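Thanks for sending this one over. Here are my notes as numbered points, with the cut-offs given where each term comes up.

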Amino acid sequence: MADAADPAETADPAGAVGAVVVDFAEPAAPVGARWTAHLSLATLAVFMAFMTPIQILLPLQLEHIDQAGKNTALSLVTGLGAFVAVVVNPLAGAWSDRTTSRFGRRRPWILGGALAGAAGLAVTASQHTVAGVAVGWCLAQAGLNAMLAGVTAPIADRVPVTQRALVSGWTGLMQSFGLVLGALITTLLVTGVRSGYGVLAVLTVVLALPFVLRHAEPPLARAPRPAFDARALARSLWVSPRLHPDFGWAWLTRFLVNLGNALGTLYLFYFLADAVHHDDPGTGVLILTVVYTLSAALTAIPVGVLSDRLGRRKNFVVLCSLVMAAAALLLALVHTWPAALVAAAVLGAGYGVYLAVDQALVTQVLPRAADRAKDLGVINIANSGPQVLAPALASPIIAHLGGYTGLYATAALVTLAGGVLVRRIKGVA
């Protein structure tokens, strides 16, 4: 991809970016490789800070605090954190849409959220009770979700539809790569849970800086901005599926696919320990994540390019749901290390397709250009909401409905349902 000047930097012939106001028209100028790379680094920071604690640090920390009640404790902590994410992400997006800083609407939230998230990780690291870990993780989730609101919106703000799946493929791939990098750091490069949290906190801020410092964006003019009304803001978080059916179906599709993914990954550490009987579950998670990420990398970018060229999204979402469901069924039926490796590769291939295409699809069904970050925040509830619901579902399934076989069979069924319902979207091919 040839590098190009940022649209925000070229909008004013005199070069006075501060004199430019936000243009809510669909973007037409392509973004360059440097812009995409820096946004991808900021996205990497968010998901590394999200996923590494959930997959590795929190299970280790809670196992040390309460060996007997580790499953319940992990469900409680991750569920509370996900609830905070559900609330904070759309609110931060709505405030981002109306931010009139001379630095633009998104960059203040990216940097501020990174700093707040890093502080929350530091608080979590120092806790020695389940309640303390829950409080620290909720603080981290609040900051990181404010940052997520900032890094999600630029694709809709700045990337033309004909380039959107490709850029979404790169940023989406950072979700998986974030866990790989985080796992490498916390299992190979540093020792101890506290040092793992500390390195994640530093990297969260450092990786956000290139996009924040290098890519100016036009500010929002103060004149057309309505007076702040908390009730109106709260009401705006409801996007009627009757008035905007494509948005509603896109939300439900994402919710179901992410619920299947959450059911399949939340207890991966304990699955390897208790069902596969892996000698070193932490290293096992790392190996599976590397396989998963490499497989996703092989599909995300090529499929993103193909989707942009064909102008089609839905068939690719159906395809990825079938592939991901097959991986979940393999985990349900065969509890061995070789089967887990194959499942990781298959799941990664399917999720790579999903990361590229679904984000591009979502940006094409947003109701209002002026509310992009808020509406994407509502969409992001379909990412974080399953993190609330999955622990509530997973624990009783494991205890009473067939153990890990029941858990992964449920994940397959839920993922398939998401693939079926995406066909209900009418405004996107």
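1. Helix α7 has these buried residues: Gly196, Tyr197, Leu200, Ala201, Thr204, Val205, Leu207, Ala208, Phe211 and Val212. Buried means under 20% relative accessible area, exposed over 50%, and partly exposed in between (1.4 Å probe, protein chains only). The buried residues of α7 pack against α2 (33-65), α4 (107-125), α5 (130-158) and α6 (161-189); contact here means heavy atoms within 4.5 Å. Helices (H or I, at least four residues) and strands (E, at least two) are DSSP runs, numbered from the N terminus.

2. Before going further, please keep in mind that this is a predicted model, in which local features need pLDDT of at least 70, side-chain atom pairs count only at pLDDT 80 or more, and totals for chains, interfaces and linings use all residues. Residues are numbered from 1 along each chain as its sequence is written, and side-chain values use heavy atoms, with hydrogens and water left out.

3. Now the geometry of α7. The helix covers residues 193-214, and its 22 residues reach 33 Å from first C-alpha to last, close to the 32 Å expected at 1.5 Å a residue. The expected span is 1.5 Å times one less than the number of residues. There is a bend of about 30° at Ala208, with a proline, Pro210, following within four residues. That bend is the angle between axes fitted to the seven residues ending at a position and the seven starting there.

4. Helix α15 (residues 403-421) passes the span check too: its 19 residues should span 27 Å, and the end C-alpha atoms are 28 Å apart, which agrees. Its buried residues include Gly403, Tyr404, Leu407, Tyr408, Val414 and Thr415. Among the elements covering the buried residues of α15 are α9, α10 (268-274), α12 (314-333) and α14 (372-400).

5. On charges, the model has 11 salt bridges, each a side-chain nitrogen of Lys or Arg within 4 Å of a carboxyl oxygen of Asp or Glu. Asp358 pairs with Arg254, the closest N and O atoms being 2.8 Å apart. Asp358 lies in helix α13 (residues 337-363) and Arg254 in helix α9 (residues 245-265), so the pair ties together parts that are 104 residues apart in sequence. Both partners are buried, Asp358 at 1% and Arg254 at 5%.

6. Asp97 and Arg105 meet at 4.0 Å, N to O, and belong to a salt-bridge network that also links Arg106, Asp157 and Arg372. Asp97 is buried at 6% relative accessible area, and Arg105 at 3%. In the pair Lys70 and Glu63, the closest N and O atoms are 3.4 Å apart; Lys70 is buried at 11%, whereas Glu63 is partly exposed at 23%.

7. Finally, the whole chain. The secondary structure comes to 15 helices and zero strands, and 57% of the 429 residues count as buried. Along its principal axes the C-alpha trace spans about 65 × 45 × 45 Å.
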